Amino acid sequence: MERLNRTSAPQAKKYTEKVIQFGEGNFLRAFIEWIIWKTNQKTDFNGSVVVVQPIEKGMVGWLNEQDGLYHLNLQGLQDGQPVDSVDLIDVISRGLSPYEDFQGYLKLAEQPEMRFVISPSIRPASWTTPPHRPIPASSPSCCTTAGSTSRVTRRRVSSSSRASSSSRTAST
């Protein structure tokens, strides 16, 4: 079987990065990305998602190997009729691990097209540090979703403030 990627699936579209999502699990990909995919089909949103891996050993490597593409099998009822569809979901632009590329992660906040941050509110036990394994002082503060989200938000606000003041200056 041929590996799924943008070469083997030329019908996959590329969109502007507009969403930062913390987490790359099945639920988020089957729910959030499907909604964004449907929104792209029905509106002019034309947005993609940058998936941020919230734990050190995650799945962004696998997502990137497939250029963010995957198939979603939707089964159930719609308007009382059975539905069983398989769709190519093409809205993940890339996966990013702040553990491997912390500066790239921070630069997400400076992208002017970013509009939404999606972060699950559930805090799995795997995000806590056992007492016998303290987080090294040299680790970036990307080890919790709350720390990750607040750091990107602060950078985004300060980036927007600089852009606003420079555009005010330029217009005077």
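## Report on a predicted chain of four helices and six strands

Ser-97 touches Gln-53 and Val-60, leaving aside residues up to four places away in sequence; contact here means heavy atoms within 4.5 Å. The place of Ser-97 is the loop between strand 5 (92–96) and helix 3 (102–107). With a relative accessible area of 5%, Ser-97 is buried, where buried means under 20% relative accessible area, exposed over 50%, and partly exposed in between (1.4 Å probe, protein chains only).

The model is predicted: local features need pLDDT of at least 70 and side-chain atom pairs count only at pLDDT 80 or more, while totals for chains, interfaces and linings use all residues. Residues are numbered from 1 along each chain as its sequence is written, and side-chain values use heavy atoms, with hydrogens and water left out.

**The chain as a whole**

The chain holds four helices and six strands. Helices (H or I, at least four residues) and strands (E, at least two) are DSSP runs numbered from the N terminus. Read from the N terminus on, the elements follow the order β-α-β-α-β-β-β-α-β-α. Of the 172 residues in the chain, 36% are buried. Among contacts with a separation of 6 or more, 74% are between residues 24 or more positions apart. The accessible surface of the chain is about 10600 Å², and 54% of that surface belongs to carbon and sulfur atoms; accessible areas come from the Shrake-Rupley method with a 1.4 Å probe, and for residues only the protein chains shown count as cover.

Four strands form an open sheet in the order 5-2-1-6, with parallel pairing. The edge strands are strand 5 and strand 6 (116–118), each of which pairs on one side only. From one strand to the next, the twist averages 25 degrees. Helix 1 packs on this sheet and touches strand 1 (16–22), strand 2, strand 5 and strand 6; the direction of helix 1 makes about 160 degrees with that of strand 1. Axes are lines fitted to C-alpha atoms, for helices over the stretch in contact, and angles run from 0 to 180 degrees between N-to-C directions.

Two strands pair if DSSP finds at least two bridges between them.

| Strand pair | Sense | Bridges |
|---|---|---|
| Strand 1 and strand 2 | parallel | six bridges |
| Strand 2 (residues 47–52) and strand 5 | parallel | four bridges |

Val-49 has Ile-92 in strand 5 as its bridge partner, and Val-19 stands opposite Val-49 in strand 2. Strand 2 is largely enclosed by the rest of the structure, because six of its six residues are buried. Both faces of strand 2 are covered, with Gly-47, Val-49 and Val-51 buried on one side and Ser-48, Val-50 and Val-52 buried on the other.

**Residues of helix 1**

Ala-30 is placed in helix 1 and is partly exposed, with a relative accessible area of 34%. Ala-30 touches Tyr-70 and Leu-72, not counting residues up to four places away in sequence. Ala-30 and Ile-89 are 59 residues apart in sequence, and 9.1 Å apart in space from C-alpha to C-alpha.

Ile-35 also lies in helix 1 (residues 26–42) and counts as partly exposed at 37% relative accessibility.
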